[in-house]
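Here is my note on the model, point by point. Please read it with the structure open.

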Number of protein chains: 2
Amino acid sequence: MAKDKKLVEAITSMEDDFAKWYTDVVKKADLMDYTSVKGCMVFKPAGYALWENIQHELDRRFKETGVENVYLPLFIPESLLQKEKDHVEGFAPEVAWVTHGGLEELPERMCVRPTSETLFCDFYAKEIQSYRDLPKIYNQWCSVVRWEKETRPFLRSREFLWQEGHTAHATAQEAQERTEQMLHLYADFCEEVLAIPVVRGRKTDKEKFAGAEATYTIEALMHDGKALQSGTSHNFGDGFAKAFGIQYTDKDNKLQYVHQTSWGMTTRLIGAIIMVHGDNSGLVLPPRIAPVQVMIVPVAQHKEGVLDKAYELRDRLSNFKVKVDDSDKSPGWKFAEAEMRGIPVRIEIGPKDIEANQAVIVRRDNREKQVVSLDTLEESVANTLDTMQREMLERARAHRDSHTYTATNYEEFKAIIANKPGFVKAMWCGDQACEDKIKEETTATSRCMPFAQEHISDVCVCCGKPAKAMVYWGKAY
Amino acid sequence: MAKDKKLVEAITSMEDDFAKWYTDVVKKADLMDYTSVKGCMVFKPAGYALWENIQHELDRRFKETGVENVYLPLFIPESLLQKEKDHVEGFAPEVAWVTHGGLEELPERMCVRPTSETLFCDFYAKEIQSYRDLPKIYNQWCSVVRWEKETRPFLRSREFLWQEGHTAHATAQEAQERTEQMLHLYADFCEEVLAIPVVRGRKTDKEKFAGAEATYTIEALMHDGKALQSGTSHNFGDGFAKAFGIQYTDKDNKLQYVHQTSWGMTTRLIGAIIMVHGDNSGLVLPPRIAPVQVMIVPVAQHKEGVLDKAYELRDRLSNFKVKVDDSDKSPGWKFAEAEMRGIPVRIEIGPKDIEANQAVIVRRDNREKQVVSLDTLEESVANTLDTMQREMLERARAHRDSHTYTATNYEEFKAIIANKPGFVKAMWCGDQACEDKIKEETTATSRCMPFAQEHISDVCVCCGKPAKAMVYWGKAY
């Protein structure tokens with residue numbers, strides 16, 4: 001019973017220490033483990049299955065918009081990384097360098113890709129000659145490496161899994177459309193599948209991607225009131241195209257530069273799921289992303305007919321991702337374990353239930369219990385999962401909205417940041433000096449200039465000069 | 001029309017130069033491209049889609065046998081790689097070394113994983129304590145790096161994609177069962193899905209995996225009579241467990257070492273598909289693995305109703321992977337392009353066909369044409385794809401069988417190897433000296449000792465001493 005013992009040691013409560021609560025949950029829900037490789041983690045089956053489900057659903061949505069998958073090399077020669085000036089400045093300080101292959105020193109060192117713009121550009125420069133070769137809407141699923149000093153499971157590690165889309169278009173307009181299309185695809189995915197509401201907007205120049213003309217982001221609010229950048233989409237204009245010489249002949253036989261985008265989502269989404277939905281009993285998984293949606297727990301399973309009935313219900317529920325916990329643990333242990341792992345619905349079935357042709361359905365999120373007839377079990381489970389999915393999004397949105405504040409002057413702004421974790425909506429003059437000052441004095445950063453602009457006041461919350469945009473501010477992961 | 005021009009330049013015929021034919025096909029079927037990273041390649045959409053289909057089908061079969069997916073780090077610290085003596089000797093000469101992270105030199109250099117036995121062992125040593133923690137049946141999909149001197153698209157490159165299963169069991173018997181189970185899963189997959197017949201057997205000690213007690217393999221015969229090792233499954237016994245201290249407490253509370261296996265398949269399977277089924281018009285894809293199974297080519301598409309009919313047929317055939325080629329190329333170009341890309345079935349539909357309520361179906365493999373009624377098109381397409389899949393396997397098996405020879409003495413053996421490309425079945429004494437001699441004098445290697453042993457003679461084909469096993473020999477990729 002060594003495994004069960006580990007489980008019932010209470011996890012730290014999130015009110016006491018949110019960071020500790022988080023690492024307790026990732027460990028006890030069996031999502032990951034640390035390794036001998038500093039800053040790198042193991043994705044255990046329960047953690048990787050979440051990523052597989054995210055991949056599957058995102059990939060399906062990508063392909064509906066014409067995305068094709070490819071795979072480019074893991075390594076980038078140093079000279080290639082250096083071709084676009086802003087890009088190399090942004091990434092060179094945090095890459096891992098390969099210097100030897102086998103027993104020989106390499107003539108030129110290579111980094112392990114931190115992102116693959118340079119490789120895609122090198123590829124596109126050969127691949128694209130005519131307007132007939134456009135657009136290229138490519139994506140790859142892979143891991144990338146960034147040599148972070150401080151790491152945290154799923155949120156920041158030296159290696160992480162992601163997808164990176166890289167597109168090339170004939171016109172600036174088409175590139176801008178694709179940039180926004182992918183951002184909205186990400187946002188819809190977060191809301192519809194992960195039950196995580198997001199703010200959609202544009203990053204300030206200070207916060208944009210190294211080499212981008214414009215970066216768009218979706219920002220989610222965690223339970224502790226900190227923001228998590230959950231997906232980004234970049235419009236590169238023709239900057240990379242000029243650095244790499246990616247040109248095509250248009251219909252009038254003139255040479256033109258392509259316009260490019262890139263967009264990515266990563267395994268930090270798993271961190272978002274934990275920190276938006278989890279509670280003090282562990283993980284809570286939205287039904288649409290849960291690797292196991294329904295756990296059937298037989299009660300008094302040694303009694304004749306109980307296990308058989310449990311298996312019969314499992315077979316009847318084959319439209320869902322369903323399992324029977326037929327281990328030799330007690331029902332109480334099994335309940336706690338299913339809760340820790342965030343399984344959306346638990347079905348309890350014992351001798352008395354069988355006699356009464358009923359089962360008990362328990363929702364993970366609010367622990368609501370229903371006694372339901374076995375005759376309509378499929379319908380009850382479907383309804384419960386649907387309701388839970390919808391209510392999880394509503395609850396997360398209510399939390400986000402009740403932790404979103406407005407500030408019209410700097411004193412108010414500082415007081416909110418210091419005392420009320422959450423987003424602050426406030427006006428900004430467009431000057432990076434104000435962003436720098438706010439960050440230094442409050443540790444809050446500009447999260448984004450939302451598409452849905454509001455007029456909060458006429459002047460910048462920091463310097464009092466005329467305002468150019470409404471910005472979401474907050475402390476962030 | 002630049003793209004079409006590239007296409008019609010005849011590819012080298014396989015009879016003239018098989019190696020050149022191969023690289024022509026991979027390039028012109030748009031499967032891959034070379035990169036600025038020496039020895040590494042780009043998987044283009046058509047190539048990566050093949051890998052996605054292989055992944056999807058293998059993963060489904062894995063999960064049916066209880067496999068769970070995980071993800072372990074890309075890097076292996078040098079000290080970890082060195083823990084198992086045979087293993088490090090096998091891999092250390094061909095790994096890429098990371099020496100710097102960001103701007104700092106690492107305290108210990110790390111290699112990019114060439115395979116992950118050492119990482120899994122390090123993980124299992126922490127993870128496994130009790131018999132209740134067993135078995136572990138884990139797999140990961142990832143890329144690995146081996147610093148090859150000579151590379152070839154899909155067959156041998158410095159980075160390749162694969163899956164690597166790593167399991168830990170309580171008993172030697174269970175490990176042996178899993179080793180063989182996965183080998184047969186691989187073999188069934190090759191035959192049922194890729195239409196590639198394979199010989200199943202065990203590697204000699206000379207050819208086994210670095211650190212394994214026994215290596216099992218499936219060997220396929222390419223069109224040029226050379227063998228391709230297409231999947232391997234290793235039983236490690238408790239060798240790694242002892243090196244890494246992976247022990248569990250059994251039911252009698254005694255400490256025991258686990259028994260381990262690993263097994264892998266790689267993107268070289270794409271090379272196998274090309275070299276088993278391809279012809280002088282390009283790629284030929286088995287229907288069950290083809291990313292596009294049916295290409296509808298409208299004839300005289302400018303005429304009223306033709307394109308609409310093509311789209312209507314596409315919608316009716318939505319149970320298959322179907323596309324309409326509605327580009328502005330001529331039908332002849334489209335036919336050649338669909339052939340080059342190996343699309344199993346082409347449907348031609350023009351004004352006269354529409355009038356006669358018919359379409360022309362053309363099989364890629366034997367170019368058989370059928371005129372079929374539109375009323376039963378779905379059925380005709382399904383039958384054609386099924387027949388083609390079955391006949392491709394039969395044809396490959398016939399080719400393999402007609403290129404499999406037996407030799408009872410060394411003169412005969414050498415004459416066959418020199419003049420008749422294919423497998424040679426011959427007896428072996430079990431002594432590595434004979435394997436070494438054969439390899440040196442003929443360049444043929446022992447491919448495997450097949451499960452299906454035959455008695456060809458009483459003595460070793462090389463030294464004449466008493467024979468211990470029948471071996472498949474051949475030149476190999």
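1. Symmetry first. Chain B superposes on chain A by a rotation of 180 degrees with 0.0 Å of shift along its axis, at an RMSD of 0.0 Å. B:Val98 is the residue of chain B that comes closest to the rotation axis, its C-alpha lying at 2.1 Å.

2. Basis of the values. This is a predicted model, in which local features need pLDDT of at least 70, side-chain atom pairs count only at pLDDT 80 or more, and totals for chains, interfaces and linings use all residues. Residues are numbered from 1 along each chain as its sequence is written, chains are lettered from A and ligands numbered from 1 in the order in which they are written, and side-chain values use heavy atoms, with hydrogens and water left out.

3. The interface. In contact (heavy atoms within 4.5 Å) are 56 residues of chain B and 57 residues of chain A. The same surface serves both copies, as 100% of the contact residues of chain B recur in chain A. About 4,800 Å² is buried between chain B and chain A, and carbon and sulfur atoms give 57% of that area. Buried area here is the accessible area (1.4 Å probe) that two parts lose on being put together, summed over both.

4. Salt bridges. The rule is a side-chain nitrogen of Lys or Arg within 4 Å of a carboxyl oxygen of Asp or Glu. Over all chains the count comes to 80 salt bridges. Between chain B and chain A there are ten. One salt bridge pairs B:Glu127 with A:Lys44, whose closest N and O atoms are 2.8 Å apart. Within chain A, the side chains of A:Glu57 and A:Arg60 also form a salt bridge, at 2.8 Å from N to O. Both residues belong to helix 3 (residues 45–64) of chain A and sit three residues apart, about one turn of the helix. Helices (H or I, at least four residues) and strands (E, at least two) are DSSP runs, numbered from the N terminus.

5. Domains of chain A. The assignment gives domain 1 (13–277), domain 2 (294–385) and domain 3 (404–474). These bounds come from an automatic or database domain assignment. Between domain 1 and domain 2 of chain A, the C-alpha centres are 40 Å apart.

6. The five-stranded sheet of chain A. Its order is 16-15-17-18-19; it is open, with mixed pairing. Two strands pair if DSSP finds at least two bridges between them. Strand 16 (322–324) and strand 19 (369–373) of chain A each have a single partner strand, so one side of each is left without a neighbour in the sheet. The twist averages 25 degrees from one strand to the next. Helix 10 (residues 306–316) of chain A packs on this sheet, touching strand 15 (294–298), strand 16 and strand 17 of chain A. Its direction makes about 165 degrees with that of strand 15 of chain A. Helix 11 (residues 331–340) of chain A lies across strand 15 and strand 17 of chain A, at about 170 degrees to strand 15 of chain A. Axes are lines fitted to C-alpha atoms, for helices over the stretch in contact; angles run from 0 to 180 degrees between N-to-C directions.

7. Pairing detail. Strand 17 (residues 345–349) and strand 18 (residues 358–363) of chain A run antiparallel and are joined by four bridges. A:Val345 stands opposite A:Arg363 in strand 18 of chain A.

8. The eleven-stranded sheet of chain B. This open sheet has the order 3-7-8-14-11-10-9-22-23-21-20 and mixed pairing. Strand 3 (68–69) and strand 20 (404–406) of chain B stand at the edges. Strand 10 (residues 214–221) and strand 11 (residues 227–237) of chain B pair in the antiparallel sense over eight bridges. There, B:Thr215 stands opposite B:His234 in strand 11 of chain B.

9. Backbone points to check. Most residues other than glycine have a negative phi, and most peptide bonds are trans. The bond from A:Leu134 to A:Pro135 is cis, with omega near -5 degrees. A cis peptide bond also joins B:Leu134 and B:Pro135, with omega about -10 degrees. A:Asn357, not a glycine, has a positive phi of about 55 degrees. A:Asn357 lies in the loop between helix 12 (351–355) and strand 18 of chain A.

Key
Least-squares fit on C-alpha atoms with pLDDT ≥ 70 in both.
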